[in-house]
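Please take a moment to look over the sequence and the structure shown here, and then follow the paragraphs below, which go through it part by part.

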Protein chains: 2
Amino acid sequence: MRKLVLGSMSALLIATSLQANAQPDPEEQIIFRKAGYSFMSWNMGKIKAMAIDGTMAWDPAQVQAAANSIAATANSGMGALFTPGTEKSIGDTKTNVRPEMFTDMEGVGKVAMAFSKAANELAEVAKTGDKAAIIKAFAATGDSCKGCHDKYREKM
Amino acid sequence: MRKLVLGSMSALLIATSLQANAQPDPEEQIIFRKAGYSFMSWNMGKIKAMAIDGTMAWDPAQVQAAANSIAATANSGMGALFTPGTEKSIGDTKTNVRPEMFTDMEGVGKVAMAFSKAANELAEVAKTGDKAAIIKAFAATGDSCKGCHDKYREKM
């Protein structure tokens, strides 16, 4: 791993560290993909708190912002963060990915497409502010997350 | 910190953990905000590699996806991840934020607005595929990152 420490370097410094090599090294890939999933989980949690649990005040603009962030992450090409060499934890950088993620290309394609479709639909529905429709699209997005976790992530 | 381990829980599990309390606890806030910055740095790095360094092939669709992800993160309301109690590292969850981030509200507002404006402009410009304009908007976004880092992040 180059000098990267999660979240502690500026984008400019990161960009500089990537100057000689466009593709993040395996440890960086694990860090970046976990960051993407973690940030999505925050946004999923907010939508759930607003739309389902009622533990946050209903705020259509915030739901939309959260849904946009999830969709943009889903569309960001995270597949590039699963190159060979990232199948296993690297030192303290842990991954819970299963080996099947790197061999079952057809299955991975299916769950990836399902997630992308669900996330983009959630972002579309979020524009309307229609709470019932948002709850439905949110549940479908959660199911699509689970579809991948069940097959390609070690049980916690 | 509830049972959260960075990137290792499903969105659904996270959402469940948030059921009793909409607002992530201080340690989770630090983890989530660092995840957001880290994921943005990956996307900034890709744009730099494509538009400036030429270490990744020029791909307007990928530039647009990366810029959308950065803008959606900028618009996601990350200010909610800087509540009192998150000024300092918590156990192994390190933060490099400076105390001024929690007292200089006017200054923080300025850098946050500047970043949001620059990130949204980058996303707009990325739609055009105009490389020269993208480079300019990318540089402005990098400057806006640096504007916050210089004032509110400990020197590395």
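In what follows, a residue is called buried when its relative accessible area is under 20%, exposed when that area is over 50%, and partly exposed in between, with a 1.4 Å probe and protein chains only. This is a predicted model, in which local features need pLDDT of at least 70 and side-chain atom pairs count only at pLDDT 80 or more, while totals for chains, interfaces and linings use all residues. Residues are numbered from 1 along each chain as its sequence is written, chains are lettered from A and ligands numbered from 1 in the order in which they are written, and side-chain values use heavy atoms, with hydrogens and water left out.

A nonpolar core is a set of buried Ala, Val, Leu, Ile, Met, Phe, Trp, Tyr and Cys residues joined through side-chain atoms within 4.5 Å; the largest one here has 27 residues, of which A:Met101 and B:Met101 touch the most other members. Two or more residues of this core come from each of α2 (26-53) and α4 (105-128) of chain A, and likewise from α2 (26-53), α4 (105-128) and α5 (131-152) of chain B, where helices (H or I, at least four residues) are DSSP runs numbered from the N terminus. Beyond its neighbours within four places in sequence, B:Met101 is in contact with B:Phe82, B:Val108 and B:Tyr152, contact being heavy atoms within 4.5 Å.

The helix α5(B) can be followed along its axis. The expected span of a helix is 1.5 Å times one less than its number of residues, so the 22 residues of α5(B) should span 32 Å, and the 31 Å between its end C-alpha atoms agrees with this. Its buried residues include B:Ile134, B:Phe138, B:Cys145 and B:Tyr152.

Aromatic rings come last. Rings of Phe, Tyr and Trp (its six-membered ring) pair if their centres lie within 6.5 Å, and planes under 30 degrees apart count as stacked, over 60 as edge-to-face and the rest as tilted. Over all chains, four aromatic pairs are found. One of them is the tilted pair of A:Phe39 and A:Trp42, at 5.3 Å centre to centre with 50° between the planes.
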